[in-house]
Amino acid sequence: MDNKLLSRSLRALALLGAAFWLYLAADNVYHLVLAARGLAWPASYGTFGRSVRAESLILLALAALLPPLWDMWVLTGRCGTGRGFDEDAARRLRRMGRCSGAVTTLLALLVWVMLYDRADRVPEWMSVLQGLYYRLDAYVLDVLFLTLASAICTAVLFLLSRLAERAALEQAVNDLTI
Amino acid sequence: MERKELKAISLLLRALLVLIGLACLWRLRLDLYMVRSSYRMMLDPTDPAASVYRRGFVCDLLVCLSAAAVFPGLAVLWGIFRQVGLGRGFYQQKRLRLLARLAAAETGLLAGSDVMMLSFRVDRLGSGFLWGVPAMLDGAMLLYLGLTLGCAALTGAVWALSRTAQRAAELADENALTV
């Protein structure tokens, strides 16, 4: 595949991702407002309180995704120019890694909140492991999967940023030698 | 980067892979249960909703296959992270290309299950486009769409990395020849 074509396809994907991000953020804010309104009724305070907690965490995770989306846009644009790894790429990759770390933490918190919210499904006589069996439904598992994938992303981005740093250094040394 | 540091990162990454594998196994167990129950429902030809059950079975099967397709990708990633720990550097273009292909297959399976899941929600469009679309795109649907998009982005990024790795290997060969 040609570099320019690859860059264009990646940029199209980034645009799709941005549209999806916008929809998700709007949907999340709508649900957060609904849940916050529900807090006014003392009888349903617990249910809506849980919703507010979960929706706020998702909203924060979405906000943390904004800088990496922009960096991804810039980096995919460079793919087509064949500029390769340099200091700027290293800086962007490091920032992406930091944001990815923040997203991982927020998602881990969300998993914890979701597991905590499912406590009423578990009878008191059950052991911790049996309780976990009842709490880990498909939804929690998907979020757990996302959390782990985000953790891997963080480490890989960190590795790539170091690689880019080294490439930039080698380039500088080569320039000096010439 | 120091060898010790690389080893620690490699171990951490592989530990995360094991955790992901366990989560996927658990998910696969749930999916298999869903496939089995929808298969049983599909078997009754006298049921007027048999065609809906058939579509449900296909949808569950696609979701199950997409959960199963994660494992080969995890195995390839395991190999890549192991090499990172050994300090072999970036010359893993073959593994990266294989990973990109596996990610593309996973994206296809996820996109298929997205289409099937959307087809079950089409009747919600009856309340008009403005209210129907948000009703269609509920939590589960959004999660799956996000997974599909993420997987597509991963395919592209890994493909681009495989090209970079190939170029790095070519440059290293050239340097070796020059020396």
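## Report on chains A and B

In chain A, 81% of the contacts between residues at least 6 apart in sequence join residues at least 24 apart; two residues are in contact if their C-beta atoms, placed from the backbone, lie within 7 Å. The model is predicted: local features need pLDDT of at least 70, side-chain atom pairs count only at pLDDT 80 or more, and totals for chains, interfaces and linings use all residues. Residues are numbered from 1 along each chain as its sequence is written, while chains are lettered from A and ligands numbered from 1 in the order in which they are written.

Chain A holds 6 helices and 0 strands (DSSP runs numbered from the N terminus: helices are H or I of at least four residues, strands E of at least two). Further values for chain A are tabulated below.

| Property of chain A | Value |
|---|---|
| Radius of gyration, over C-alpha atoms | 21 Å |
| Span of the C-alpha trace along the principal axes | about 75 × 35 × 30 Å |

For a compact globule of 178 residues, the radius of gyration would be near 16 Å, by the rule of 2.2 Å times the number of residues to the power 0.38.

In chain B, helix H1 (residues 3-42) packs with helix H3 (residues 70-85) at an angle of about 170°, their axes being 8 Å apart. Axes are lines fitted to C-alpha atoms, for helices over the stretch in contact, and angles run from 0 to 180 degrees between N-to-C directions. H1(B) and H3(B) are therefore roughly antiparallel to each other (angles over 145 degrees). Residues that meet include B:Leu6 and B:Leu17 in H1(B), and B:Phe71 and B:Trp78 in H3(B).

Definitions and conventions: Angles under 35 degrees count as roughly parallel, over 145 as roughly antiparallel, 65 to 115 as roughly perpendicular and the rest as oblique.
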